[in-house]
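Colleague: Could you walk me through this model, one piece at a time?
Modeller: Gladly, here it is.

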Amino acid sequence: MSGQTEKGVYISTYGCQMNVNDSERIFSLLEMANFTPVSSPEEASLIIINTCSVREKPVHKVHSEVGRYRKLKETNPKLRIGIGGCVGQQEKERLLKDLPLVDFVFGTDAIDLLPELVGRVEEGEGHLSATRFEYQKPYQIETLVRAPGVSTFVNVTKGCDNFCTFCVVPYTRGRERSRGLEEIVRDIKSLVSRGVREVTLLGQNVNSYRSPNGGDFADLLEQVALQSGLVRIRFTTSHPKDFDEKLVQVISKYHPQVCEYIHLPFQSGSSEVLTRMNRGYTRSEYIEKIAMIRNYLPQVVFSSDAIVGFPGESEEQFEETLSLVEEVGYETLFAFKYSPRPFTKAARFGDQIDETTKGRRLTALLEVQDRRARQLVERYRGTTTEVLVENRDEKTGLLSGRSSQNKLVFFEGELDLIGKMVFVRVTEVQPSVFRGEMIGDKFN
Ligand code: SF4
């Protein structure tokens, strides 16, 4: 076939940072098995769809993407198609039955088995499935990134035990498991030796991290700050119920190495809705936590997640979400309409909200958020911020990097500044993106 690479792998990735990280791991593992990443399905001998089931119609999306490859498979019978990620985990063999074009399905715990699985498929075995959770095995991995760049992500936990009633993650990623503290520190040191300067510690709920040899997330953060040689450390996602004072003390002790940016999802501003969501905190407990964090870190910036139209959410309860957004002041908010997910308790609640109401509430929430965020970011105009330079934008030729508060900052500068920390005076502000002028570099 013209344009096709003999062992070329194309990965189509949906969903969250966890999935993006998993795709990077898949690429690295397959490179070790002599595959070369290619940039289009037409060039590939192996297509992997790394799916997500957090948002709407995930199975439908998989069906339509596989359908698009029908012609390719007809012209190239050697083309193999695999489905991984949360939909693979959730649907298992059913996908093989419903989609005969698919050669194999693998779950979120089976990524490291991929080279073996692909090898078997290449040998002629068909319709393979590997979707068991490996609870007996300790969670030990080395971060595999091909070209780690300046900033990268490092998994510290996987899975979740919280069973929020709207969320499919405990079913698609399994029970929570943590990597060993020493192993994570070693892993990060090795990334630093490859030029990484910033790491985001990643988990579905990083605050419930527990090292098998003892140590909680605050201990891990402290050891990473002390031992890794990183200039910046971030972490996500935090759960309000597990975010304790010890952790804030560590952030405050190691700031600015540990960034002043905390993603703390509230989901709803109504205590009744939070109870039905099984979130484990009330509105006032959430607000107290915000106050406790601000007490230690007066300059901290918060971002959050919110769901509107959760089953049974009344107009008054929705208004409480609006008032929480006004009160706390988030510079970034990821807001979604509730949509039922398979296996979850809330999907079976009888008082589902109609789509028109959900849509109206989402628009209203986004309007409040946009106004609030624009007010909040005005304080940065004319100030100087430290930026870790990550890239040069192809189109504009401008350098870009992030501030401690996770703002993407664009400015003019030389290519050799990539990887360095520089001072930028902020001249234009949007809620998440700034424009500025470099006024000097830091001792790097
Ligand atoms: S904490 Fe709740 S929302 Fe987050 S991954 Fe776990 S179950 Fe899902």
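Colleague: What covers the buried residues of α9?
Modeller: Before I answer, please keep in mind that this is a predicted model, in which local features need pLDDT of at least 70 and side-chain atom pairs count only at pLDDT 80 or more, while totals for chains, interfaces and linings use all residues. Residues are numbered from 1 along each chain as its sequence is written, and side-chain values use heavy atoms, with hydrogens and water left out. The cover of the buried residues of α9 includes α8 (181–193), β10, β11 and α10. Helices (H or I, at least four residues) and strands (E, at least two) are DSSP runs, numbered from the N terminus.

Colleague: Which residues of α9 are buried?
Modeller: They are F217, A218, L220, L221, E222, V224 and A225, where buried means under 20% relative accessible area, exposed over 50% and partly exposed in between (1.4 Å probe, protein chains only).

Colleague: And what does D216 reach at the start of α9?
Modeller: A side-chain oxygen of D216 comes to within 3.2 Å of the backbone nitrogen of A218. D216 itself belongs to the loop between β10 (198–202) and α9 (217–227), and D216 counts as buried because its relative accessible area is 14%.

Colleague: Which residues does D216 contact, apart from its neighbours within four places in sequence?
Modeller: D216 is in contact with Y209, R210 and K246, contact meaning heavy atoms within 4.5 Å.

Colleague: Moving on to α10, which of its residues are buried?
Modeller: In helix α10 (residues 245–254), the buried ones are L247, V248, V250, I251 and Y254. Looking down the axis of α10, these buried residues fall within an arc of 160°, so they line one face of the helix; the arc is that of the directions from the helix axis to the C-beta atoms. They pack against α9, β11 (232–236), β12 (261–263) and α12 (283–296).

Colleague: Why is β4 largely enclosed by the rest of the structure?
Modeller: Strand β4 (residues 80–84) is described that way because five of its five residues are buried. From β4, R80, G82 and G84 point one way, whereas I81 and I83 point the other way.

Colleague: In what sense do β3 and β4 pair?
Modeller: Strand β3 (residues 46–51) and β4 pair in the parallel sense over five bridges, and two strands pair if DSSP finds at least two bridges between them. One of the bridge partners there is G82 in β4, which goes with I48. β4 also pairs in the parallel sense with strand β5 (residues 104–106), over two bridges, and I83 stands opposite V105 in β5.

Colleague: Are F235 and F243 buried or exposed?
Modeller: F235 counts as buried at 5% relative accessibility, and F243 is buried with a relative accessible area of 0%.

Colleague: Which parts of the chain does the pair of Y380 and F434 link?
Modeller: Y380 and F434 form a tilted pair, 5.1 Å centre to centre with 50° between the planes. The pair links distant parts of the chain, with Y380 in the loop between α14 (355–377) and β15 (384–392) and F434 in strand β19 (residues 433–441), 54 residues apart.

Methods: Polar contact = N/O pair within 3.5 Å; in protein donor to acceptor, adjacent residues only side chain to side chain. Phe/Tyr/Trp six-rings, centres within 6.5 Å; stacked < 30°, edge-to-face > 60°.
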